Amino acid sequence: MDSGSRLQALVEEWLQAGRGLAGPGVELEVFAEEKRGLTVKAYGGELESLRYSRSRGVGVRALREGRLGYAYSSGLEREDGRRAVEEAVANSRFSEPDEHNLLPEPTEYPAGELGIYHPEAEETGSESKVEMALRLEELALERDERIARVETAVFADAVSTVAVANTRGVSGCYRSSHCSCYVFPIAGKGEEAQTGFSFDVGVKPSDLDLARVAEEASDMALSLLGSRSISSRRTTLVLDSFVAAEFLAMLAAALSAEAVLKGRSFLAGRLGETIASPLVTLVDDGTLPGLPSTSPFDDEGVPARRKELIREGVLQGYLHNTYTASRAGVASTGNASRPSFRERPRVGASNLLLEPRQGKRDDIIGQVEDGVLVLQVVGAHAGANPVSGEISLGALGLRIEKGELRQPLREITLAGKALDFLRDTVAVGEDLRIVPFEGSLGAPTVAVENVMVAGRG
Amino acid sequence: MEVMLLMIDEETARNVLVTALSRGGDFAEIFAERRLVYNLRLEEGRVEENTSGYELGAGVRVMRGESVAYAYTNDLDPAALEETARVAAASSREGTTKAVSLEKPLLALPRREEEHPVLLDVGAYARDGKIDLLRRADQAAREAGPHIIQVVVMLGDARQEVFIANSLGEMVEDTRVRVRLVVQAVAAKDGEIQTGHESPGMLGGYELFHESTPEDAGRTAALQALTMLEARPAPSGPMAVVIANGTGGVLFHEACGHSLEADAVYKKASVFEGKLGRKVASPLVNAYDDATLINRWGSFSYDDEGVRASRTPLIEEGELRGFINDRKRSLRDGTAPTGNGRRQSYRFVPIPRMTNTYIEVGKSSREDVIADTALGFYARKLGGGEVNPVTGDFIFAVTEGYMIRNGKIAEPVKGATLIGNGPRVLMDIDAVADDLDFDTGMCGKEGQAVPVCTGQPTLRVREMVIGGTSEVV
């Protein structure tokens with residue numbers, strides 16, 4: 001029996017045992033996870049740290065006439081399953097009834113190849129992985145003599161198995177592998193130091209292009225040397241694909257039906273409205289082969305699927321799990337999401353992609369008379385508010401004059417409303433890049449006009 | 001004498017440490033924990049999350065020069081621990097095996113739980129009693145005004161027992177009980193949405209609510225959201241900034257504190273590297289990291305490496321006095337341990353972390369500081385922020401801000417951020433008041449969250465850039 005079938009057998013066994021413990025009238029869901037991973041960090045030509053992780057555990061959701069209880073235990077022994085069921089059932093006694101607290105009904109899962117697992121991650125020895133982290137650091141340093149050092153160079157991988165079963169008859173499991181690497185080189189000149197970064201992701205170690213990652217990261221650090229602030233102005237921003245993806249994280253939060261239903265989204269009540277430039281088409285798709293958030297089903301067992309959230313500027317829908325879908329009177333979009341067995345499913349994007357259009361980054365920059373290329377934003381968690389839709393972020397980048405990159409910039413802020421950013425989007429490039437943050441976000445280079453940029457002159 | 005049942009017995013611990021060092025190494029350690037957590041979340045007036053958690057696990061660490069290998073398990077049986085130690089040992093790259101003397105039994109250091117008394121332990125408080133606390137906060141927030149459209153209240157408690165044994169021959173056991181309430185209020189009017197936050201918490205039990213009631217927290221969060229609803233867009237550009245006591249300490253934490261962590265200094269990813277004893281701040285500035293403050297959210301008796309908690313001077317009279325370290329940096333740099341080795345759980349390697357970090361009181365009064373400011377910005381409450389540790393450049397969201405005009409707090413302004421540079425702001429502090437206060441937070445670093453307090457009195461920075469949307473000051 002492979003690890004997947006074993007875990008699935010385990011959750012089904014606990015579900016059966018749980019029925020007896022919980023008594024009649026209680027619906028149960030058992031979610032179990034087993035994850036093995038390795039994280040290697042290199043620093044100064046040495047192995048800085050090597051961390052083997054082996055995380056396993058079970059989470060149980062109990063619903064008693066719409067009253068929700070949840071409990072988890074960090075282990076996969078019989079005792080862990082029993083404890084989680086007992087606690088979840090006890091907790092359910094103390095919650096308010098909510099008729100929309102439902103478990104999903106069973107649905108056939110698509111049989112197609114998702115390309116989310118490759119045995120290479122498990123078959124590659126830790127020595128080779130250590131070499132990859134060391135090599136990444138070396139490549140970043142070799143790029144230019146002005147790269148003074150590398151703050152950190154990391155290789156990480158994980159193989160996870162997830163299984164879920166509920167008393168409505170849902171039962172499924174899948175296995176996935178993830179590999180990633182990233183590097184933060186520091187370019188120095190005199191007292192000045194600037195950090196760059198880049199990363200790559202894949203399902204197996206050989207997917208990672210270390211040379212490209214090192215080159216991009218070092219070039220970013222170098223391009224920021226000599227940076228200074230500018231005086232405040234309204235101008236055109238060209239957002240690097242990575243920065244554009246960070247803005248998608250804010251949209252993902254605002255598009256969650258949970259946030260919408262609870263009045264915590266600036267996109268609430270705007271279905272069918274034109275909220276963005278016609279250049280903007282935003283898709284969430286958990287079925288795209290090989291992407292970081294691709295899976296046969298979401299974190300409560302509903303099949304993953306593709307949905308257009310914004311089509312040519314018009315808001316088409318929100319992200320739903322079974323609970324929010326019931327409240328809104330629609331079908332779940334397969335966006336139940338939980339970071340681990342420690343949490344009950346909430347709502348989250350799978351692979352959220354801004355559909356690419358035309359032009360490479362240089363083409364877009366070439367059309368800007370006066371503007372700023374934004375390479376890094378700081379403060380995205382605090383300064384991009386999905387509730388109010390207000391954006392106020394620190395930024396690093398380069399001045400654009402007559403279509404050419406000029407003065408590097410630091411200590412500037414960009415501010416405005418997300419809806420204005422969406423409406424004032426004047427270009428969407430073709431260079432789609434996947435960022436494995438908050439699920440997985442993908443965006444090409446984007447240009448936005450008339451944005452307030454502040455600086456110290 | 002009370003007989004304590006150790007989470008891992010002495011002999012097992014010693015055997016595991018010997019295995020961990022079987023292929024060489026300078027230091028080995030076991031960290032085991034058992035943690036019970038309970039989390040409640042109330043939204044739309046309903047308890048919608050009611051979660052219990054149980055965690056049990058142990059991690060084994062082997063240090064060899066600058067290299068660290070770490071492995072963990074959910075199984076505390078001697079055989080599983082031995083196996084985990086073998087995995088950690090195996091990743092030591094080839095080298096000479098150093099003799100490790102662990103013939104003597106490990107010495108158990110005294111338990112110190114009495115330093116942070118727990119009056120109402122988490123298990124002593126019934127589930128419905130806890131739910132009632134959420135309701136009280138919710139109701140107080142909703143009663144603050146008709147424009148409050150949503151209130152989220154979260155209550156979390158945790159009881160963490162830890163066991164630490166290391167190749168220095170020490171063994172430590174400690175229990176940390178923590179309780180924290182978080183209230184988020186959302187206000188809306190004419191299509192405008194604003195939020196407010198308040199989050200009391202402590203290292204201790206449910207006696208937390210004897211001093212600071214759930215009603216206080218609810219009301220404070222709601223009033224903040226309501227105030228910001230009436231705010232005009234913040235101006236943009238440089239001006240004098242007065243930062244309020246309590247929550248404002250997050251700026252020092254982020255913009256300077258992280259650069260005072262010895263791992264950042266070692267990696268030269270710190271603006272303070274090489275500046276010990278030098279003037280790094282205005283002479284008005286004294287700053288400390290202090291895990292011994294009784295019952296504070298970021299306090300403890302022993303850190304997660306079994307080092308005693310301490311009060312570490314960071315800056316005194318504007319001079320840089322010291323850094324905060326973990327065992328690795330203490331051993332490698334030959335500096336005294338400061339007791340700042342912390343980890344989120346047994347799944348993580350400990351690293352230097354802040355505890356309760358604050359700027360000490362000055363001699364001015366809050367009133368004088370504001371009265372002395374002709375035109376400026378008053379940051380009453382800061383949200384999150386981000387810092388580039390290499391340059392010290394930072395950005396902070398102001399969640400409650402006002403203009404200061406003619407020495408008085410004037411109209412509220414929204415959507416402001418503070419942007420600046422940590423070292424420069426320290427130099428530019430030109431007034432420090434006497435009203436030190438603290439706020440609770442969860443600090444993230446390298447993917448690990450730990451409880452911390454930030455603190456400061458009201459203080460003024462001569463000039464910072466306000467990033468707003470309005471061109472009008």
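## Helix packing and a pocket in a predicted model

Helix 3 of chain B crosses helix 5 of chain B in a right-handed manner; a crossing is right-handed if the near helix is turned clockwise from the far one by less than a right angle, and left-handed if anticlockwise. The contact (heavy atoms within 4.5 Å) joins B:L133, B:R136, B:A137, B:A140 and B:A141 of helix 3 to B:P214, B:E215, B:G218, B:R219 and B:A222 of helix 5 of chain B. By class, this contact has 6 nonpolar, 1 polar and 3 charged residues. Ala, Val, Leu, Ile, Met, Phe, Trp, Tyr, Cys and Pro count as nonpolar, Asp, Glu, Lys and Arg as charged, and the others, Gly among them, as polar.

This is a predicted model, in which local features need pLDDT of at least 70 and side-chain atom pairs pLDDT 80 or more, while totals for chains, interfaces and linings use all residues. Residues are numbered from 1 along each chain as its sequence is written, chains are lettered from A and ligands numbered from 1 in the order in which they are written, and side-chain values use heavy atoms, without hydrogens and water.

Helices (H or I, at least four residues) and strands (E, at least two) are DSSP runs numbered from the N terminus. Axes are lines fitted to C-alpha atoms, for helices over the stretch in contact, and angles run from 0 to 180 degrees between N-to-C directions.

| Helix pair | Axis distance | Angle |
|---|---|---|
| Helix 1 (3-22) and helix 2 (78-92), chain A | within 10 Å | roughly 40° |
| Helix 1 (10-20) and helix 2 (78-90), chain B | 8 Å | about 20° |
| Helix 3 (127-142) and helix 5, chain B | within 7 Å | roughly 35° |

Helix 1 and helix 2 of chain A are therefore oblique to each other, whereas helix 1 and helix 2 of chain B are roughly parallel. Angles under 35 degrees count as roughly parallel, over 145 as roughly antiparallel, 65 to 115 as roughly perpendicular and the rest as oblique. The crossing is right-handed in the chain A pair, and right-handed in the chain B pair of helix 1 and helix 2.

Helix 5 of chain B also gives the largest share of the lining of the second largest pocket, 6 residues. The volume of this pocket is about 820 Å³. Of its 34 lining residues, B:E198, B:P200, B:S212, B:D437 and B:F438 are the closest to the centre. The lining divides into 11 nonpolar, 13 polar and 10 charged residues. A pocket is an open set of points on a 1 Å grid over the protein atoms alone, where a 1.4 Å probe fits, with protein on both sides within 12 Å along at least five of seven lines; lining residues have an atom within 4 Å of a point.

Definitions and conventions: Points joined across faces, edges and corners; volume = space filled by probe spheres on them.
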